[in-house]
Amino acid sequence: MTIREPILHPVRISELRPTQMTVGLREVEAKRRLWREKHGVHAQEFLGKHMIPVLKGPKERFYVLDHHHLVRALHEEGVEEVLVNVVSDLSSLTRQSFWTVCEHRAWTHPYDTEGLRRSVDDIPKRVSDLKDDPYRSLAGELRRAGGFAKDVTPFSEFLWADFLRRRISRKRVVSAFEAAVVKALDLARSQEASYLPGWCGPIEN
């Protein structure tokens with residue numbers, strides 16, 4: 001049964017476990033800048049409005065469902081604790097059953113920096129150990145530029161990242177990011193991308 005159980009006391013970021021393997025470090029840096037704009041009470045209000053959705057898993061551990069980039073950014077900015085919201089309590093399950101449920105509910109994304117499927121055993125134990133996938137940063141910037149609409153599909157930006165990974169060289173993404181965004185905008189409007197969540201391209205008659 002899915003529940004909504006706000007945890008009114010903070011949870012240490014160092015104790016939160018990821019459900020994915022990568023983040024886009026450009027995205028993390030953008031959220032770090034956003035955090036730095038907050039001061040005093042505004043910072044607390046910001047944290048109060050950004051409770052982190054989690055699963056309660058085996059051994060009472062909390063697994064981050066969304067906002068990995070924000071959690072990583074806050075960690076790098078020296079924030080030690082965040083408020084969490086338990087989406088589902090799976091603490092009674094074995095570790096194997098827990099990950100099976102996560103996979104069937106699209107609550108995990110065990111793909112590495114090359115976009116390759118890996119074992120859930122390879123998912124980092126700490127948010128600080130998430131690896132950089134520059135294509136995830138490219139997908140995030142593409143969405144902000146209007147390349148596709150925000151969508152409720154789980155890990156939708158990773159789907160776009162995988163699409164872009166096969167069409168834009170990593171060298172361009174790393175060394176000429178703005179040029180990569182221009183190319184990505186062109187690709188996003190193509191019929192090739194029409195299967196992706198939030199696609200905003202022209203409809204062919």
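Modeller: Contact here means heavy atoms within 4.5 Å. Please bear in mind that this is a predicted model.

Colleague: With which residues is V54 in contact, its neighbours within four places in sequence left aside?

Modeller: V54 is one of the residues with the most contacts inside the largest nonpolar core. With its neighbours within four places in sequence left aside, the partners of V54 are L16, F62, Y63, V64, L65, V84, N85, V86, V87 and S88.

Colleague: Which element gives the largest share of the largest nonpolar core?

Modeller: The largest nonpolar core has 23 residues. The largest share, four residues, is supplied by α3.

Colleague: Is D133 buried or exposed?

Modeller: D133 is found in the loop between β7 and α5. Buried means under 20% relative accessible area. The relative accessibility of D133 is 1%, and therefore D133 counts as buried.

Colleague: How large is the area buried between domain 1 and domain 2?

Modeller: The protein is divided into domain 1 (9–127) and domain 2 (134–193). In this pairing, 15 residues of domain 1 are in contact with 12 residues of domain 2. Carbon and sulfur atoms give 52% of the buried area, which is about 1,200 Å².

Colleague: How many salt bridges does the rule find across the interface of domain 1 and domain 2?

Modeller: R144 forms a salt bridge with E27, their closest N and O atoms being 2.4 Å apart. Across the interface of domain 1 and domain 2, the number of salt bridges found by the rule is three.

Key: Residues numbered from 1 in each chain as written. Predicted model: local features only at pLDDT ≥ 70, side-chain atom pairs only at ≥ 80, totals over all residues. Heavy atoms only, no water. Helix = DSSP H or I, 4+ residues; strand = E, 2+ residues; numbered from the N terminus. Buried < 20%, exposed > 50% of the residue type's maximum accessible area, 1.4 Å probe, protein only. Core = buried A, V, L, I, M, F, W, Y, C linked by side-chain atoms within 4.5 Å. Domains from an automatic or database assignment. Buried area = accessible area lost by both parts, 1.4 Å probe. Salt bridge = Lys/Arg side-chain N within 4 Å of Asp/Glu carboxyl O.
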